[in-house]
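Keep the structure open and follow along.

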Amino acid sequence: MKLLLENWKRYIKEELRPEDYEDFPQKENEEAEAYLGNPKEIGEFIYRAFRQELEKQPDDTEAQLWSDRIVSDANSKIKKQFPNVKYLGNGVFRTAFTLNKNLIIKVNTSYTTDNGQMMNKEDFTLSRDPQTSKIFPKVYSHDPDFNWIVMDLVYPIITPKEFYSFFPNNIIAPILVKEPMLYRLIFHNSIRLEIARMKKNKKLFVELNDIYKTKLSAGIENHLGKKVSMDKIVSGFKPLFLQVCNAILKHNIKIEEVRANNTGFTIDQSGNKSFVLLDSSIDASIKKALKQPEPKVAPTKQKKQIVNAATTTIRR
């Protein structure tokens with residue numbers, strides 16, 4: 001959706017409104033603004049900086065968005081205007097910058113489609129979903145047309161060991177140390193079993209238990225020295241496990257996508273970590289900006305993404 005000039009001018013003049021802090025801890029407005037920074041001014045400036053550079057291109061194809069010249073020239077303008085705003089990375093449709101140590105602003109920098117706005121709106125919707133919001137980054141403020149959103153900074157989880165630290169299970173803990181690959185198979189099979197239970201799919205429930213008995217139980221018994229039922233293992237996971245299962249079921253997320261390198265954690269003002277499903281549309285760039293290792297992937301031309309596609313990979 002194209003942003004009308006009149007609506008944009010009207011929006012620039014607005015001040016931060018109470019509803020922009022929906023679900024934000026109850027503070028005085030001055031404290032909340034100090035925490036968020038000035039997202040309206042920053043978001044508008046970044047949006048216009050990239051758009052101005054894009055308009056210089058002889059051809060407005062989406063692939064040209066991330067030419068070195070556009071990124072360099074736009075970021076140069078942004079850095080001069082906001083020295084404390086740090087560039088983190090970009091996807092095909094959005095660019096991320098830090099506001100402070102806990103928050104980022106994601107700006108729609110798509111020139112030929114409304115996908116950046118759609119993805120920002122989806123992030124906002126997920127952060128307000130009463131059933132699954134706890135495992136998606138919280139959105140604190142946003143543009144009326146979702147050209148920018150302010151949300152938690154997510155630190156990517158890189159290693160399997162770090163990932164499984166959020167899903168402790170005392171029943172099978174020794175297996176994680178001795179054979180992490182088997183632990184992963186047990187974890188994913190546990191998710192499938194719990195989802196079958198949630199869907200009341202008795203046939204799938206029986207099939208998964210049969211798979212467990214024929215392919216996993218012997219290895220588990222070998223490590224634990226005793227037989228353990230799949231139901232017993234599932235019961236050993238903490239509430240976060242059930243929250244992830246709910247999110248997978250509701251949002252059609254592939255179970256294999258719930259893993260290291262595709263998940264992360266946020267840190268609140270008290271320093272507490274919270275597991276979240278990561279936005280993989282820009283996570284590779286953010287890992288680099290946060291000085292985390294990342295695999296080298298050759299750039300590919302991406303087609304317009306469809307929101308709510310069935311069995312999609314995590315891109316939120």
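Predicted model: local features only at pLDDT ≥ 70, side-chain atom pairs only at ≥ 80, totals over all residues.

## An exposed lysine

K178 is exposed, at 56% relative accessible area (exposed means over 50%, buried under 20%, partly exposed in between, with a 1.4 Å probe and protein chains only). You'll find K178 in helix α7; helices here are DSSP runs of H or I with at least four residues, strands are E runs of at least two, and both are numbered from the N terminus.

Residues are numbered from 1 along each chain as its sequence is written, and side-chain values use heavy atoms, with hydrogens and water left out.

The chain has a mean pLDDT (the predictor's confidence in each residue, from 0 to 100) of 76, and 73% of its residues reach 70 or more. Over residues 1-30 pLDDT stays under 50, and the model has 49 contacts for them beyond four places in sequence; contact means heavy atoms within 4.5 Å. Residues 292-316 are also below 50, with 52 contacts beyond near neighbours in sequence.

## A loop proline

P168 sits in the loop between α6 (160-164) and α7 (173-178). With 35% relative accessibility, P168 counts as partly exposed. Not counting residues up to four places away in sequence, P168 touches Y183, G236, F237 and K238. P168 and K238 are 70 residues apart along the chain, yet their C-alpha atoms are separated by 7.1 Å.

## α8 and its two partners

Helix α8 (residues 180-198) and helix α11 (residues 239-251) have axes that come within 10 Å and cross at roughly 65°. The axes are lines fitted to C-alpha atoms over the stretch in contact, and angles run from 0 to 180 degrees between N-to-C directions. α8 and α11 are therefore roughly perpendicular (65 to 115 degrees; under 35 is roughly parallel, over 145 roughly antiparallel, and the rest oblique). On the α8 side the contact is made by F187, S190, I191, E194, I195 and M198, and on the α11 side by F241, L242, C245, N246, I248 and L249. By class, that gives nine nonpolar, two polar and one charged residues; Ala, Val, Leu, Ile, Met, Phe, Trp, Tyr, Cys and Pro count as nonpolar, Asp, Glu, Lys and Arg as charged, and the others, Gly among them, as polar.

What about α8 and helix α9 (residues 202-224): at roughly what angle do their axes cross? They cross at roughly 155° and come within 10 Å, which makes α8 roughly antiparallel to α9. Residues meeting across this pair include L182, L185 and I186 in α8 and L204, F205 and L208 in α9. The contact of α8 with α9 has twelve nonpolar, four polar and two charged residues.

## α3 against α4

Helix α3 (residues 39-54) packs on helix α4 (residues 68-81) at about 150°, with axes 9 Å apart, so the two are roughly antiparallel. Among the contact residues are F45, A49 and F50 of α3 and V71, N75 and I78 of α4.

N75, in helix α4, is buried at 15% relative accessible area. Leaving aside neighbours within four places in sequence, N75 is in contact with F50, Y87 and F97.
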